[in-house]
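Please keep the sequence and the structure open while reading.

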Amino acid sequence: MNTDEILSFYRLKSTNPQSWNRDVVDLEFNYPESEKIADNLDLLKRLIDHETSTKTIQDPKNNNKLNTEDPLGFCASVLDELIDNEVIDDTRDDKKFDYLISSHRFKPDLFLKNVHPNLSASDLKQGLSYLEHDVKSKNKDLQLQIESEFLVYIKSKNSLDRIFKQFDNMKLIGKGDANGGKEAAVDYLKNLIEETMARSNELLKPVLEEARTETALKHTLEYIQKNSIIFDLPKSLQNSIQKNDYSSFISDYITAKESKERLTDDGEVSGILLRVWDQVELLVSNFRELLWDQLVGVHLDDIDEKSINYTNYNHEQSVFLNLINKLLEIGVEDSPIMGFLECQFANLSRDILFEANSSHLTVLIRSQKRLKQNYTQTEELLSEVLANNGLNFLTSQLKHESITYNHYDIDLKLLDLPLVNSMWEQIEEYIGFLTNFLNHKLLLFVSICQYFKNGNYQKQIAKTHLVDRIPQNSKVHVQLTESDMLRINMMIEKLIYDVCGCLNLFFKSNDDTLIELTDQTSREQLADKDLQYTGIISDFGFIPCFSNAVSALKYLNRFQNNLLDVFARLNQQSESWGLRPDVLDQLNLTNLKINGRIISGVLAYLINDVKEFYKLENWQTSTMRQGCTLMPLMVHFYYNNIIRDLKNIVFAVTPHENTFQVIERQLLNSFQLLVENLLKKGLYDSQTNSSEQDFFQKSNEYKLITLTNLIKLKSSVFVDAIKLYDSLFDRQLYDDNLEIFVKLDNLELTLFQNYTLLGNPIITEIVNKGIDRKDWQTEQPPKDVSSYAHHLLNFLTLVKTKLLRLDIPEQLANRILDYFHDYSTKKILDSFNRIHDFSTYGLYQCCCDLDYLQRQMGAHLSSEGVSRFKVIYDTIISPKIDVAHVRHSVSEIVNRYS
């Protein structure tokens, strides 16, 4: 105990007292006697206050007698609640005195916070009623006690004081020191009185402490009830969150906030209210985070595109607008509008980067690998490919020889092998994702941006008076700044550039680099790399290997049309978006690059197709085309498809003159390659033996049929193709003097010679052997035409019959027959020139054979052939005998065969 406490307790002025009057604090207090209870209560308070101001007596032993009951009546023991709520450890914890109403340390704010943290204003009102009832009942007992005992107490106090004064004034003289005895007696008596007063005050002190506590608690509860809208707010906000009733949450918060601001202005904000408001702000902060999480969780896929209306957006039906409105109402430091747009931009960028370039391309590349693994480049596979691709589809149409074929009415799945079709589907999905991204997701994103940029959002919230409910610190986020506008434009432009980059890289790729598109680093390197193209099909990774130009054109035409529609839509709207001209240039450049790559790829596959066309030749003759197989008609429809679909590709953009030149060069080159490979097929399938028997074998007819096909292709199919090209492309490519026709003429001549040369040895053998073995010195007159002449005419007749049977065009048939007849006259002249000795009848036989041959050969005998016969007459027969006489003599024999 310190010095001040000792002096106060013993009512001393000095720690070394020498005199009662000088060193003792005089107890000056009047105790007027009164019958009125009000006066008595006032006197009691004054007495206690006086005693308390001069002395404080604490008795720790009395702590056990403190009241632990809940003054509000909600629980049996405050201590049990504190222990359950982990506020105190046990009943010995000193912190319990802050929560016991009978303790002089009782703190109402801590009591409500930690004993009853979840009570609403209505609950507290009920507790107040309980407390008032309890206090009133105790007040009655206290009043009765005071009325009955207080006057006795006051009288006793006054009596003791008078006695003390009397003792003090008495002249007590002891046997010893008179003054010392008196003072000792007075000190002893005074100590007894002081001790009695201290004990009596200690007994009365809890009564008054409880009264003061009651008053403080009553004032607190009245304050809580008056501001119940604030004190009820934590619980009501929690209920609103549990019910997902965000409108009530915001409405209750704003109302309570306005009330709190009024109290602040009036200086009526208490500590307990501030602590409650801290809980409110914590709930609001958590709620704000929840709203942010929900806002950034909104994806464009969840937004109904049809609901967008620039001038009349339904905020209640729009989830993201509703969330933005709530955030603005509740108060935010960052712009929810820009936050939402930034989040959507990140989502869209991720869609491009991962979904398009990783997910879709990964599946596509896997399809390409499976295609290559299963279809290896072997002759057997090529036969299967050509038996199941678009070329064979055309063949199947021609089996019925339907010339009403509509090149647009094709089931694309019939044009390729199954795995090729599968890769086409993956390519279509990839390009479809990107076009859908531009056509739907990007436009939807832009329309939302425009809604905020054009001021329609601001007009709408002003119209609904929402802007009036937005706190001042949030209103700055209602209007977009110039920086926000630029940022929005940058996001839109970046998305367009990213998609254009994906498309450019995809159509730029070859078979090897296609797999690199899934890796971001490789993509960046590929974007800066200039690939070397050789014009072979492996240069074009966007067309499945083992496909063909027919299906490639139809698929790519469809892809390009979809892209064109989207690009056109973006071009129309981008100006109103306020984008830079560079964006339009990028769209146009992308379109031109894709168009150029498609044209190059299709032409590469055209060349590849015509090189393999010969494998479709099965030598089945056509009933529509004289002497031809189905090949010319099939080629006709092939080029008809190619040229018509190619026209749609080329004129999708404004074509450059160089584009036409490349197409024309490749088109004419394809004619030559097609014919060259058909010739190889005809020569390969034909017999090469020169015997007469082999000459008339069916296999040897393939050269003749190939020749017929070639002539048909050169004179009709290719000419029609060029004229169709000129008509559709508005060009003037066709010219009789085109170099390609010269080359085709040479190829035709080569094949003609190859075929006819097979008959030359046969004619040579027939003529040479027949003439050499004939006895031209015979002495017998001729009875018949020589056998060699019959044999020769029989061969020529068989050739003619064959030509008629194969329905070879008359012009070609006559050309072949003319050749063989002419060649026969050469051999006849050569053979007779080797015979030097003729008898008279030998000359008769020679004249008989020549007249027979000349007459039988008839129209196929050329002027050169007639001249050769004349040479024989003039040089062999005429010098020795009269030719006219001889010819008359053998006329009967010759006439037998007329």
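A residue counts as buried under 20% relative accessible area, as exposed over 50%, and as partly exposed in between. At 33% relative accessibility, Lys743 is therefore partly exposed. The model is predicted.

**Salt bridges**

- The count of salt bridges is 24, where a side-chain nitrogen of Lys or Arg has to lie within 4 Å of a carboxyl oxygen of Asp or Glu.
- Side chains of opposite charge can pair when their charged atoms come close.
- Lys743 pairs with Glu739, with 3.7 Å between the closest N and O atoms. The two residues are 4 apart in helix α27 (residues 739-772), which means a separation of about one helical turn.
- Glu739 has a relative accessible area of 56% and is exposed, whereas Lys743, at 33%, is partly exposed.
- Arg805 forms a salt bridge with Glu701, and their closest N and O atoms are 2.4 Å apart. Because Arg805 belongs to helix α28 (residues 787-805) and Glu701 to helix α26 (residues 701-729), this pair ties together parts 104 residues apart in sequence.
- Arg805 is exposed at 51% relative accessibility, while Glu701 is buried at 3%.
- Arg815 and Glu748 meet through their side chains in a salt bridge of 2.8 Å, N to O. Arg815 sits in helix α29 (residues 810-833) and Glu748 in helix α27, so parts that are 67 residues apart in sequence are tied together by the pair.
- Arg815 has a relative accessible area of 31% and is partly exposed; Glu748 has 8% and is buried.
- Through salt bridges with shared partners, Lys714, Asp745, Glu748 and Arg815 are joined into one network.

**Helix α31**

- Helix α31 runs over residues 863-877 and has 15 residues. From its first C-alpha to its last the helix reaches 20 Å, close to the 21 Å expected at 1.5 Å a residue.
- Which residues of α31 are buried? They are Gly865, Arg868, Phe869, Ile872, Tyr873, Ile876 and Ile877.
- An α-helix has 3.6 residues a turn, so residues three or four places apart point the same way.
- The buried residues of α31 pack against α29, α30 (840-857) and α32 (883-889).

**Nonpolar core**

- The largest nonpolar core has 231 residues. Those with the most contacts inside this core are Leu341, Phe452, Phe506, Tyr639 and Phe832.
- Helix α16 (residues 418-453) supplies the largest share of this core, 20 residues.
- Leaving aside residues up to four places away in sequence, Phe832 touches Ile771, Trp776, Tyr788, Phe838, Cys846, Leu850, Ile872 and Ile876. Ile872 and Ile876 are also among the buried residues of α31.
- In soluble globular proteins, nonpolar side chains tend to be buried together.

**Glu289**

- Glu289 is part of helix α11 (residues 271-297) and is partly exposed, at 48% relative accessibility.
- Glu289 and Leu327 are 38 residues apart along the chain, and 9.4 Å separates their C-alpha atoms.

Note on methods: Residues are numbered from 1 along each chain as its sequence is written. This is a predicted model: local features need pLDDT of at least 70, side-chain atom pairs count only at pLDDT 80 or more; totals for chains, interfaces and linings use all residues. Side-chain values use heavy atoms; hydrogens and water are left out. Buried means under 20% relative accessible area, exposed over 50%, partly exposed in between (1.4 Å probe, protein chains only). The expected span of a helix is 1.5 Å times one less than its number of residues. Contact means heavy atoms within 4.5 Å. A nonpolar core is a set of buried Ala, Val, Leu, Ile, Met, Phe, Trp, Tyr and Cys residues joined through side-chain atoms within 4.5 Å.
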